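Have the 3D view open as you read.

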Amino acid sequence: MYAVALRRALKSRVAFAGRSCIGVRSLVPLQSYSSQGGRRGSLQSRMGQSSKDNKGSSGNKRGNEKVSDFFGFHPIAVIAALTLLGSGVKLIIMPYWDWMEKENQKREAKKKESERIRYTDEDIASFPFGQKTVVFVLGGPGSGKGTNSTKLVEDFGFVHLSAGDLLRAEQQRPESQYGELIAHYIREGLIVPHEITIGLLRNAMMDHSDSDRFLIDGFPRDMVQAKAFEDMVCKAKQVLFFECPESTMLERLLDRGKTSGRSDDNIESIKKRFRTYINDSKPVIDEYAKEGKVITVSCKGTVDDVYKAAHDSVAALLQKLDQQSKSSEKD
């Protein structure tokens, strides 16, 4: 009895196991068992195919990226950037270059102007300085040189060249290379180097080539300037010396300083100018007096009296020079 029951139980388990195995196998394709390795081979083959597909799609994608990108930027972005760059060049860079070119041209013009080469050596050598009548107008600061020179210009047709005015104009010229140097000498009441002063006077005379008469006011201030002017330009025909007491000159200069705006019309500069005049300029007058070239005009009288004396002296000088010129033409 027990044996029959045992056999039945074993049969039922075998049948159950068989059904279970058939059910599992039915879930896996039959071809997966056709190659060695069973299900494992099938999975590997499918994974390999998937990997190939992925590589293919990835390669195509990278190829597309190479076609569509330009150094990492999209072509549309590159075109837009180039368009903006072109506009920037046209609107910003080109005007800046034009401005820089104009500024360079201005700097070159200022440089040439600062060199102040207005006349060549040939122009200077060919100019008839020796045929000009040059009269030096000398005297202490505030003696009335400028005032009387202006009147002599009106009466006798002189060209009035003030050494002080030429130096101050050169000092104020923005592109001048001598501006600061001149300002220092004027402020300290010192004599500006003769190369600068004579160069300015010579150019001014050549600017008035049609004139034959020149009044040079406030020059020379020492014998170095006097000798250099004779060597570089010409000899003066005469010296017009306005003799004025120092107290009178001081009073005039202080009164003029209230409105003149000149840097040397102050008590300290005036005292320095007086010392320079006594030490350096007065010996020039004494030296020309030895040659008989000095006409002395006293400034002790009224303004009209002083000018009348100057007028009569200059008239006599010009008459004498005219007679000399006519006699030389006859010879």
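Which element gives the most to the lining of the largest cavity? It's H9, with three residues. Before going further, a word on the ground rules: this is a predicted model, where local features need pLDDT of at least 70 and side-chain atom pairs count only at pLDDT 80 or more, while totals for chains, interfaces and linings use all residues. Residues are numbered from 1 along each chain as its sequence is written, and side-chain values use heavy atoms, with hydrogens and water left out.

A cavity, on a 1 Å grid over the protein atoms alone, is a set of points where a 1.4 Å probe fits but cannot get out; a pocket is an open set with protein on both sides within 12 Å along at least five of seven lines; and a lining residue has an atom within 4 Å of a point. Grid points are joined across faces, edges and corners, and a volume is the space filled by probe spheres set on the points. The structure holds one cavity of 30 Å³ or more, and the largest cavity contains about 30 Å³ of space. Its lining is made of Met223, Lys227, Glu230, Glu287, Tyr288 and Glu291. The elements that give two or more residues to this lining are H9 and helix H11 (267-290). By class, you'll find two nonpolar, no polar and four charged residues there. In this sorting, Ala, Val, Leu, Ile, Met, Phe, Trp, Tyr, Cys and Pro are nonpolar, Asp, Glu, Lys and Arg are charged, and the others, Gly among them, are polar.

Now for the largest pocket, which holds about 980 Å³ of space. It is lined by 45 residues, and the closest to its centre are Pro141, Gly142, Lys145, Asp217 and Arg273. H6 gives the most to this lining, with five residues. Among the other elements that supply at least two residues each are S1, helix H5 (145-156), helix H10 (246-260) and helix H12 (303-330). The pocket lining has 17 nonpolar, 18 polar and 10 charged residues.

Asp217 leads us on to strand S1. The C-alpha atoms of Val137 and Asp217 are separated by 4.6 Å, although the two residues are 80 apart along the chain. Val137 lies in S1 and is buried, with a relative accessible area of 0%. Buried here means under 20% relative accessible area, exposed means over 50%, and partly exposed is in between (1.4 Å probe, protein chains only).

Next, the aromatic rings. Rings of Phe, Tyr and Trp (its six-membered ring) pair if their centres lie within 6.5 Å; planes under 30 degrees apart are stacked, over 60 edge-to-face, and the rest tilted. By this rule the count comes to five aromatic pairs. One of them is Phe136 with Phe219, an edge-to-face pair at 5.9 Å centre to centre with 75° between the planes. Phe136 lies in strand S1 (residues 133-139) and Phe219 in the loop between strand S3 (213-217) and helix H9 (223-232), so the pair ties together parts that are 83 residues apart in sequence. Phe136 also pairs with Phe229: the ring centres are 5.4 Å apart and the planes are at 70°, so this pair is edge-to-face. Here the link runs from S1 to H9, across 93 residues. Phe136 and Phe229 are both buried, and Phe219 is buried too, at 0%. Ring pairs link Phe136, Phe219, Phe229 and Tyr288 into a cluster; Tyr288 is one of the residues lining the largest cavity.

Finally, what about helix H8 (residues 194-207)? It has 14 residues and reaches 20 Å from its first C-alpha to its last, close to the 20 Å expected at 1.5 Å a residue. That expected span is 1.5 Å times one less than the number of residues. In H8, 12 of the 14 residues are buried, so the helix is largely enclosed by the rest of the structure. Among the buried ones are His194, Gly199, Arg202 and Met206.

Note on methods
Helix = DSSP H or I, 4+ residues; strand = E, 2+ residues; numbered from the N terminus.
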